[in-house]
Amino acid sequence: MSFDNVRGYSTPGRVSRTPQVSGTRSVVQQLGPRPDGSIPFSVEFNPPRDAAGEARLWRAAREFERLHPAFVSMTYGAGGSTRDRTIRVTGQLARETTLLTVAHLTAVDHSVAELRSIVGAYADSGIRNLLVLRGDPPGDVLGDWVKHPEGVEYAEDLVRMVRDLGDFHVGVASFPQGHPRSDNLDDDTRYLVAKLRAGAEYSITQMFFDPEHYLRLRDRAIACDPVEGAKPIIPELMPITSLRTVERAVELCGRPLPARVMERLHRAAGDGPEENRAAVREVGIEIATEIAERLIAEGAPCLHFITLNFAKATGEVLANLGYTMSPAPAHA
Ligand SMILES: Cc1cc2nc3c(=O)[nH]c(=O)nc-3n(C[C@H](O)[C@H](O)[C@H](O)COP(=O)(O)OP(=O)(O)OC[C@H]3O[C@@H](n4cnc5c(N)ncnc54)[C@H](O)[C@@H]3O)c2cc1C
């Protein structure tokens, strides 16, 4: 694994360098109502794999800038070169856009020293908001988890490590239907609360298609700990744009989609040899809009969209919900 592009911070200790951008805003500070009274939204990007992917990401980022998201987050994947690119591109997003940038950080295949170095590289770019995760075993998300010999076992440990390094704002993952590895929902909730007690300020959920699952998670968290469990739980949504994206959604949910959602998508796809993509897309946007409307009515603090680095589908859901875009900047 190469860390050639990661600057500095091989030395353990607190990261105290002054951020180069206004990265000290925290996600939680962004969660109040917007000037027009609407609730904030945010988007998730994935590290681009190549130059074409990077261009696509930047197009999406510029489009989203005009919709004023509360924050954007960049996932963190397996593989040395992808990781180097992730750190570089995430830093560029923070420095070269107006977007409050949250970097995901996972413990997969990293020693504590490497994790500190990565956190330092993000701090160099002015990034002070991290979504701290354990990560999944590379290749098989349900395969055996093997801790790095000098790494950490659980996200909770990583939250503590990051908080000890300096003034970072930390979020963690939560699971409306329970993490696939958790034995039961009570244990799962206790593990979430442990991450919040360790210093996380909020959580972002795994994607779901039944708002009831989100609402029950919120109730469970508060019942488990009325203080820590009341920290914001940001629901994650993904507009389905084709039957192929359903596979991705199932992978990210770790569960099958509800039967009634699948029925609507299949009905739209039709019986022909080729799926009716326009109809599937329309229904996918409709489903995401309906889930968002319910979540807004239930007082969700923010809507977090998986975008796969495209702005169009999420933009359409937001337009359905009444969010408007600023005019495109005039270029000389
Ligand atoms: C919003 C969001 C963003 C994500 N982004 C990424 C990403 O960028 N990159 C990536 O690789 N993955 C990402 N993931 C996936 C995530 O890394 C996996 O779901 C991973 O398997 C669990 O991560 P965690 O941080 O919840 O781990 P943990 O909280 O450590 O939990 C891992 C497992 O251990 C159990 N557990 C936790 N604490 C204890 C304990 N004290 N004792 C016993 N068992 C315990 C949990 O129930 C769970 O089954 C994301 C998930 C979400 C919801």
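How many bridges join strand β2 to strand β3? Three bridges link β2 (residues 71–74) with β3 (residues 101–106), and the two strands run parallel. One of the bridge partners is A103 in β3, which faces M74. The model is predicted: local features need pLDDT of at least 70, side-chain atom pairs count only at pLDDT 80 or more, and totals for chains, interfaces and linings use all residues. Residues are numbered from 1 along each chain as its sequence is written.

These strands belong to an open sheet of nine strands with parallel pairing, in the order β7-β6-β5-β4-β3-β2-β1-β9-β8. Because β7 (233–234) and β8 (236–237) stand at the edges, each with a single partner strand, one side of each has no neighbour in the sheet. Pairing here requires at least two bridges found by DSSP between two strands. Strands (E, at least two residues) and helices (H or I, at least four) are DSSP runs, numbered from the N terminus.

Two helix pairs come next. Helix α3 (residues 112–124) packs against helix α4 (residues 155–165) at an angle of about 50 degrees, with the axes 11 Å apart. α3 is therefore oblique to α4. Axes are lines fitted to C-alpha atoms, for helices over the stretch in contact, and angles run from 0 to 180 degrees between N-to-C directions. Angles under 35 degrees count as roughly parallel, over 145 as roughly antiparallel, 65 to 115 as roughly perpendicular, and the rest as oblique. The crossing of α3 and α4 is right-handed, meaning that the near helix is turned clockwise from the far one by less than a right angle. V112, L115, R116 and V119 of α3 meet L158, M161, V162 and L165 of α4, contact being C-beta atoms, placed from the backbone, within 7 Å. Seven of these residues are nonpolar, none is polar and one is charged (nonpolar: Ala, Val, Leu, Ile, Met, Phe, Trp, Tyr, Cys and Pro; charged: Asp, Glu, Lys and Arg; polar: the others, Gly among them).

In the second pair, the axes of α5 and helix α6 (residues 211–224) come within 9 Å and cross at roughly 70 degrees, so the helices are roughly perpendicular. Their crossing is right-handed. On α5 the contact involves L185, T189, R190, L192 and V193, and on α6 R220, A221 and C224. This contact has five nonpolar residues, one polar and two charged.

The ligand is surrounded by 23 residues, the closest being T75, H104, R134, A155 and R181; a residue counts if its C-beta atom, placed from the backbone, lies within 6 Å. β3, α4 and α5 (185–197) are the elements giving two or more residues to this shell. α5 gives the most, with four. By class, the shell holds eight nonpolar, eight polar and seven charged residues.

Note on methods:
Two residues are in contact if their C-beta atoms, placed from the backbone, lie within 7 Å.
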